[in-house]
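Colleague: I would like to learn how to read strands, cores and ring pairs in a model of this kind. Could we take the features in turn, with the general idea before the particular case?

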Amino acid sequence: MQNQRNASGFVSSARRQVLGVAQILPFLYLTLAAAIVFCAAEVHAAAPPTYNSWCEHFDCPTGAPVEGIKNMMLSRGIAIDDANEMPRANTLTSNAICRLIGYRAGTINSIGHFPAAPACANYYIVGYNGTNWYMTGSCIDPNYIANLTCSQPVQCQDGADNDGDGLTDENDPGCSSCLDDNEGDGTSQCQDGADNDGDGAADYPADFSCTSPQDNDETNPKAQCQDGIDNDGDGATDYPADFSCSSRQDNDESNPKSQCQDGIDNDNDGLTDTQDPGCSSNQDNNEGDDVCVPQAPGNVNATDGSSADRVTITWDASSRADSYQVYRISACAQQGGEQMEALGSSVSTTSFEDTTAIPGVVYFYAVQALGRCGASGYSASDSGFRSNGDDGIDNDGDGVSDAREQADGTDACDAGSFQLHLQSPAFTKYNTFLRQWNFLELIASGTKPIQAKVSVYLLSGVVLATRDIYIDAQKQVDVDINAMISTACAQSSYCADLRDIDHSGVVDTYGLVRIDFNDDDAGAVLTGRMSNYRQDRDGNFSFAFAKELRNPTRGITHATSNTYDPQAMGYLVPNWLEVINLDSVARVFQYNLYDQEGRKVLTRSFALPALGEWDIQAGHEIVGISGKVIESVYLTEIIPLDGATKYFATVSRYSSNAKAGVEPDTYNFAFALDGRAGNGATQYVTISNAVGARYLQTNWVEVVNTLPRPVTATLTFRGFDGKTLNTVSQLINAKAQFHFNAGALLPKGESGSVELNCSDRGALIAQSLVYYHDNQKNKVQTAYASQGRIAGRDVQAGSINTFLGMTDQVKLLSTTQGAVTVVAELRTFEANAQVKTTTIRLNGLAAAAASTATGSALATPSDRYGALTIRAGQADVIAAEVLRERITSEGVVDFAFPTVVQ
């Protein structure tokens, strides 16, 4: 019986064993007998043999064929009742035949009847009555089985690896014979999880004797370090007696050599190996005596905030030390049970300047002495920190003091877990390329007015334009950054080298926007964002997105990029990592790019001037051997080399409608992902499966591990009513990411949430990616990203905007098991505007939404913007965002983007 496979490599459904009229019954039963005896040796013959070849193979006796058949069956242990009963061509007999040749019962496709003919008068018929085999003396009977088709061979002769262990049929230890229909009830020694030979290692590849997981002998061949032989003739045999053996699985008993047999005068005393009194045997790895090893340094001292530039570590000299290695661990990392890390290279002096320390973070420092005979143990540690000015101790380096985090109820040891209290100066970014409009939205969301100064910088860090802004309490002012640039360029020479490439009337440039404001005034609270819009020549929009106002970041941050064309047309999807130095001095950064599995594919270093910016491709310029862009997803990692560096990083993604090398005229969407520290606190994202007359949605939740070790993320997917749809625990490798199709869990037209948990501090960043697909054309209308966030305070602020034909959806997520009552208050900014209020009650962990569309509780006319206040009565029970959408009269979603409520 031969395996037949189709083009896809799967076993063909046409694979059957056919026993036909031409072979008659003698061949049928010879095949049966042969299968019983020989399938273990050669399960799959090239083709069914003829009757004569079977006779030759089995030494069939001469005479009437039936007697030979009968004797063969008897010799194979098949009892035949000689009672002359009439055979029946029924399923019972046919199933028994199929089983005996290794096919499953109940799979007969056809049973034929042999025609009455004198030619078969001398044939006997062997049949089955449910208990015994029997024979009759004639084949004239019309019930004789003339042909029979059996299908579905048993697992142990079907040619397939049914249990996925790399072994097939009788080569699999799960098969007791070729007639066994369960290939999975056994496994080889080298994959059974047991240390079968008791040598301290189990299975492949840990046990040297295992050549593969399918190897069924875990005992042989033995590695040199467990074979009982002194392979290198040094007087020591196997592990642990022979120094060269690192374990019983080590197959080299000769290397590495210990100091006392390496032929080198390791301690420089003029004596070598066993001639040296320091050697107790040739397995001794210390040719000197103990006094040669230096003592651990004493009196280690680290400065406590005496400098904003560094932590200075000093210690006493140690005799016999040639150099010293300094080690460091943060108080938070020590609390989490992590190990100290070495700082830079060893030094020959007794002091060290740690400039990589993040200001405000408390570290413990220890020193190790290094000498010609080895290294000392660690010294006693001492704590120290770099001054953080008036901001106090900030143990996770997230820019929020431990005292502030304690008041907010967030984790002072998790850099991704904090509530944003926007301080002066605040920052964002502008970009006039691609005909983008840049509107800076500034909202005085507190009880006092805001007095602000807006400064626009060029890439070089030079101030191009400034403007003073006054904002009444609970009011909003939008600043046209494009207009500021145009006016400044007309009045100065700073724009001399800049061009209006896309003929929009504004020079093409990008850079930093800084907002200085009166945050020292109690009640002067500023929120806002930079909103970018790109209008197409037909009046519709390619995209719109927002970048929230931010304070500077310190330490390592991450963001993702994705170069896949969501329309599968091979169009270019540019991803730009934008890094801005927010310090008053130049800074140096390291940039790493990792693929989806966490493998580093790119690393670079670059310097930025004070308040300068550098944009670097985040994967869309990586090409294969064909010269085409490799579509993939990546993780960007930014590491400032000086721990005091203040900066921010963003990955901006643009989905174009042109191939690489062709200037696009239109885009599908664009959005920006803030560079963030990983988070171990509970995070939430909204998910959606909305449908419209011209669109439907897909929604992916992307989860990224930013740590250098694997972590387990647990995601709980919930519907609009808060009921759990699914819970997934996923192990994510270091610097790797996993994407979940969250929209597929939701009924059409509904929304919900995802709760993300991880036990490791500083581990995860996450975002929800929503794509709007045109259900009449093969294209993506738009998309947006909503980054993961922790639950907010009892009072949170946001804004709405109905200009450009936009509507706003206020999305609320309950983050507690109990019911929550939320009061949403909307105050528009025109004269005599009324305050609109709606009360929303959410069941535990449920979602809710309120819209500014006509007829809703927060209905707002066109061309308005206003302040949104969310009051939940208590902290940590609500996460919220406002989604802006522009839908054309044809029902096409022109753009959609979220703005933060915080």
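Colleague: How many of the six residues of strand β31 (residues 683-688) are buried?

Modeller: Please keep in mind that this is a predicted model. In strand β31, six of the six residues are buried, and the strand counts as mostly covered.

Colleague: Which residues of β31 lie on one side, and which on the other?

Modeller: Q683, V685 and I687 are on one side, whereas Y684, T686 and S688 are on the other, and with all of them buried both faces of β31 are covered.

Colleague: What is the order of the strands in the open sheet of four strands?

Modeller: The order is β27-β24-β29-β30, with antiparallel pairing. The edges are formed by β27 (613-617) and β30 (667-674), each of which pairs on one side only, and neighbouring strands of the sheet are turned by 20° against each other on average, with direction ignored. Between β29 (residues 647-656) and β30, which run antiparallel, there are seven bridges, and S655 has F669 in β30 as its bridge partner.

Colleague: F669 brings us to aromatic rings; with which residue does F669 form a stacked pair?

Modeller: A pair of aromatic rings is described by two quantities, the distance of the centres and the angle of the planes. The structure holds 27 aromatic pairs. For Y327 and Y378 the centres are 4.9 Å apart and the planes stand at 80°, so this pair is edge-to-face. Y327 lies in strand β9 (residues 323-330) and Y378 in the loop between β13 (374-375) and β14 (382-385), so that, at 51 residues apart, the pair links distant parts of the chain. To return to your question, F669 pairs with F671, and with 5.6 Å centre to centre and 5° between the planes the pair is stacked. Both F669 and F671 are buried.

Colleague: Is Y327 buried or exposed?

Modeller: Y327 has a relative accessible area of 13%, under the 20% limit, and is therefore buried.

Colleague: Which residues have the most contacts inside the largest nonpolar core?

Modeller: They are L440, L442, I481, I485, I515 and L526, in a core of 31 residues. Among the elements that give two or more residues to this core are β16 (436-444), β20 (510-517) and β21 (526-535), while α7 gives the most, with five residues. Not counting residues up to four places away in sequence, L526 touches L422, L442, I443, I450, I471, I515, F517 and L549. Another core, of 21 residues, lies apart from the largest one and includes L707, L715, C758 and A763.

Colleague: With which side chain does the side chain of S542 make a polar contact?

Modeller: The side chain of S542, a residue in strand β22 (residues 541-548), makes a polar contact with the side chain of D536 at 2.5 Å. S542 is buried, with a relative accessible area of 0%, and the residues that S542 touches, leaving aside those up to four places away in sequence, include R534, T666, F669 and D894.

Key: Residues numbered from 1 in each chain as written. Predicted model: local features only at pLDDT ≥ 70, side-chain atom pairs only at ≥ 80, totals over all residues. Heavy atoms only, no water. Pairing = 2+ DSSP bridges. Axes fitted to C-alpha atoms, helices over the stretch in contact; angles between N-to-C directions. Core = buried A, V, L, I, M, F, W, Y, C linked by side-chain atoms within 4.5 Å. Buried < 20%, exposed > 50% of the residue type's maximum accessible area, 1.4 Å probe, protein only. Contact = heavy atoms within 4.5 Å. Polar contact = N/O pair within 3.5 Å; in protein donor to acceptor, adjacent residues only side chain to side chain. Phe/Tyr/Trp six-rings, centres within 6.5 Å; stacked < 30°, edge-to-face > 60°.
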